[in-house]
Amino acid sequence: MTSASTLLDAYIDVNVLLAFTCLVWAVFARLLGIAGLGHAVTAQLRLLRVVFLAVIVSPVFVALFSAAMQAGYVAPGRSVNLGDFIVAQYLQGRFEMNPAALERLLGLRGEVARALDGSAGTALLIVLCAGFVLFALRLAASVLHLRRILSDSHVWRRIGRVELRISDTVTVPFSTRSLSRRIVVLPSSMLAHDADLRIALGHELQHLRQGDVEWEIALGLIRPFLFWNPAFYLWKRQVEELRELSCDRQVIARRGYSVAAYCDCLLRVCHNGLRRPRLLEVEAPVVALVRTEDRFFGGRSVALLRRRMMTVIEGRAERHPTLVFAALTLPLLALTLAASVAIQKSGDWSQDRIMLSTIVNLERLQAKNGSVPSFGAPDY
Amino acid sequence: MSDKKKAKFLTDVELEFMTRLWDLGEATVRDVQDALAPARKLAYTSAATILRILEQKGFVTSTKQGKTFVYTATLSKDTYQSRSLKNLSEKLFDNAPEMLVARLVDDYDLSEEALDEIRALIDRRLRDDKR
């Protein structure tokens, strides 16, 4: 039972931390823009991925940190707790708030846990499990669909562990992978357009080089666990956008394609993709040249395509992406890991917490008995 | 995933290639490439890929002559025309070929000669059936 509650706590912590890092990223991205690093998309992409990885493994980090504290490797004073920090700030008069309201706010997580202990908790668990099953089934269906597309396609070439395939059933080139091979699938209609074929192939091979397919598969596998968390979708969307912007830039820089030909190719593929009903109806673990959603998210695809083309036309070079990535990673990673420890439930009653509780009790007494005369007051 | 997959119908590009191959009888990649419209500007590797896929689909066979492959169609143009029309009739005309012919006669603006030819064809077919 304890391990189940520990797992649930870890699950809640990951979700809260993801939402927190999403907020931090929004501020961070704006600051990067102000600092003139908005165009450093490759560094930003790597940074986002590292932070996401840190969020996912944060329960392990927290467990190691608490084990290190218990073993005496970390002094108790070095630990940070968000609740304790807020109480300390409150007692020092850094912000004003009703003490009872603050205590309620700090105890919100415990309150929710108590409320969920009964039938409400069971109902929520059922909803979460049902959502997990639904999203896992969607993933399985998309993988089966993908397998069918691959089995209907024809091998064009094999270069080491990369396999190039030609398919009659797809209109948008994409890359994916099996356990042993990385696969690029190109529409057969593209064989009639040499320039487009070269650009699409270069783009998909760059995705393979950047490890985008493996990340897409990992996100697809994590999705059923975090399906209800909007922060996950915001994160994924940001990663997808940076991934495409980074890929476009690298392909043009490496292979020297003409910007006009590249943009023309994107537009043509997008146009062809919209002509036929989408073949990958549910999100499959693939990385496509362009997105062609035509239902609820069509506007988003258009906006992304526009941004990609504008970025390519601007043609601003990204200097030293690895250096920028290294410089930016440290503060953001430290903040994420510190936050993962800080959002843990406070173990003991600190002096500050006892003080806050005393203030709340005194206020309650005052409300019950009327005002208590203090020393020096006229009616004392 | 097997590399040999039979398909019943050709894509647009494949049909263009097959049309050239039906005209040429047998041909190398270069022959087909030369027979395509000059504006096509198709790379040799792309042309070779298309012919290889046609072979995988079972529409052509190849024999090696020296260093080059010579491709030959495995089905005639007539057979493919019949297959395509049958498919069209089944899918779009509720499996009623007479509806297909009626649409063709109504909309295609056929000349007197063409109509006479069709009439003669139908008469010949009716005579053959009576025998």
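Residues are numbered from 1 along each chain as its sequence is written, while chains are lettered from A and ligands numbered from 1 in the order in which they are written. Because the model is predicted, local features need pLDDT of at least 70 and side-chain atom pairs count only at pLDDT 80 or more, whereas totals for chains, interfaces and linings use all residues.

In chain A, 13 residues of domain 1 are in contact with 16 residues of domain 2; two residues are in contact if their C-beta atoms, placed from the backbone, lie within 7 Å. On the domain 1 side, α1 (2–34) and α2 (41–56) of chain A each give two or more residues, and α2(A) gives the most, with 7 residues. Helices (H or I, at least four residues) and strands (E, at least two) are DSSP runs, numbered from the N terminus.

Next come the contacts between the chains. Here 14 residues of chain A are in contact with 13 residues of chain B. On the chain A side, the elements giving two or more residues are α7 (119–152), β1 (154–159) and α8 (194–210) of chain A.

Chain B holds an open sheet of 3 strands in the order β1-β3-β2, with antiparallel pairing; strands pair if DSSP finds at least two bridges between them. Its edge strands are β1 (26–27) and β2 (60–65) of chain B. β2(B) pairs with β3 (residues 68–73) of chain B over 6 bridges, and B:Val60 has B:Ala73 in β3(B) as its bridge partner. Helix α1 (residues 12–24) of chain B packs on the sheet, touching β1, β2 and β3 of chain B, and its direction makes about 90° with that of β3(B). Angles run from 0 to 180 degrees between N-to-C directions, with axes fitted to C-alpha atoms, for helices over the stretch in contact. Helix α3 (residues 44–56) of chain B lies across β2 and β3 of chain B, at about 120° to β2(B).

Finally, B:Leu21 touches residues including B:Val60 and B:Ala73, not counting residues up to four places away in sequence.
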